[in-house]
Amino acid sequence: MANECETSIVFYSEHRVVIKDLWQNIIDFCKDNNDCTIYKFMQKMGYSKNDLYRFDERGAITYCDSSIMYKEDIAYFKIKTISAWLPQVDEFYKLIDEKYNRRMFIVFETEEMGCGIYYNTDIEGRFFKDRYKIDYCLKQDTVKYFERFDDAIDYIKEIFPKAKVSIFDDINIIEEKVEAAYDKNEDSEFFFNFKRFEYTYPF
């Protein structure tokens, strides 16, 4: 597959019957199925490629919760997908609109490093709390996630003190400071990425 985009999606609703129906459809389709693609799942749900906004046979469902979760009056479950270049979420929005009469909701978190795609549509952080990602190699590869900007800055100050970053620096300035302060000649594998998860995905 081309650059791989990893996406986690949560479906939730106060209408338990629709959550159970979608969850059961996914579970039944993916059980003992080595070809659990999103396109074939949409075929199972009655769609053809001409019905889909973006036709791509490569995206697949790689995980589904083994049971439905409940919190207060809300039923929910999570799936994970992998797709090429972009998150393959349009199909699920289509399902919710047309098959479930908008009686459930979606939030998702997605990453594709090569294209610089970082989105978390869960504004309130009910299911996905990540807001910032630090990915670097300083003798070894390390990935850290943070809910708060100041916590991310405190971590950078601890690991990269020579960069002298400030909480008032923009993210791109912080990247430039760290890269300038740590000479790649001392560590040829060195890199540093600091990314923010955006709230609004441009459908």
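Me: Is Pro202 buried or exposed?
Reply: First, note that this is a predicted model. Exposed means over 50% relative accessible area. Pro202 has 57%, so it counts as exposed. Pro202 lies in the segment after strand S9 (191–196).

Me: How far apart are the C-alpha atoms of Pro202 and Asp73?
Reply: They are separated by 30 Å. Along the chain, Pro202 and Asp73 are 129 residues apart.

Me: How do I read strand pairing, and which strands pair with S1?
Reply: Strands of a sheet pair through backbone hydrogen bonds, either parallel or antiparallel. Here S1 pairs with strand S4 (residues 74–84) in the antiparallel sense, over ten bridges. S1 also pairs with strand S5 (residues 105–112), again antiparallel, over seven bridges. Ser8 stands opposite Lys80 in S4. Val10 has Val107 as its bridge partner in S5.

Me: How many residues of strand S1 are buried?
Reply: Eight of the ten residues of S1 (residues 4–13) are buried, so the strand is largely enclosed by the rest of the structure.

Me: What is Glu111 in contact with?
Reply: Start with its place, which is in strand S5. Buried means under 20% relative accessible area. Glu111 has 16%, so it counts as buried. Its side chain makes a polar contact with the side chain of Lys133 (2.6 Å). The Glu111 side chain makes another polar contact with the side chain of Tyr145 (2.7 Å). Beyond four places away in sequence, Glu111 touches residues including Glu4, Cys5, Glu6, Ile117 and Phe197.

Me: What is the phi of Glu72, and what is that of Trp85?
Reply: Most residues other than glycine have a negative phi, and most peptide bonds are trans. Glu72 has a positive phi, near 55 degrees. Trp85 also has a positive phi, near 70 degrees. Glu72 is found in the loop between strand S3 (69–71) and S4. Trp85 lies in the loop between S4 and helix H3 (90–98). Glu72 is exposed, at 76% relative accessible area, while Trp85 is partly exposed at 38%.

Me: Which residues of helix H4 are buried?
Reply: An α-helix has 3.6 residues a turn, so residues three or four places apart point the same way. In H4 (residues 149–159), the buried residues include Phe149, Ala152, Ile153, Tyr155 and Ile156. They cover an arc of only 160 degrees around the axis, which puts them on the same side of H4. The buried residues of H4 pack against strand S7 (132–137), strand S8 (141–146), helix H5 (171–181) and S9.

Me: What is the strand order in the open sheet of three strands?
Reply: The order is S8-S7-S9, with antiparallel pairing. S8 and S9 stand at the edges with a single partner strand each, so one side of each has no neighbour in the sheet. From one strand to the next, the twist averages 10 degrees. S7 and S9 pair over six bridges. One of the positions to look at is Lys133, whose bridge partner in S9 is Lys195.

Me: Which strands do H4 and H5 lie across?
Reply: H4 lies across S7, S8 and S9. Its axis runs at about 15 degrees to S7. H5 lies across S7 and S9, running at about 170 degrees to S9.

Conventions: Residues numbered from 1 in each chain as written. Predicted model: local features only at pLDDT ≥ 70, side-chain atom pairs only at ≥ 80, totals over all residues. Heavy atoms only, no water. Helix = DSSP H or I, 4+ residues; strand = E, 2+ residues; numbered from the N terminus. Buried < 20%, exposed > 50% of the residue type's maximum accessible area, 1.4 Å probe, protein only. Pairing = 2+ DSSP bridges. Polar contact = N/O pair within 3.5 Å; in protein donor to acceptor, adjacent residues only side chain to side chain. Contact = heavy atoms within 4.5 Å. Arc of directions from axis to C-beta. Axes fitted to C-alpha atoms, helices over the stretch in contact; angles between N-to-C directions.
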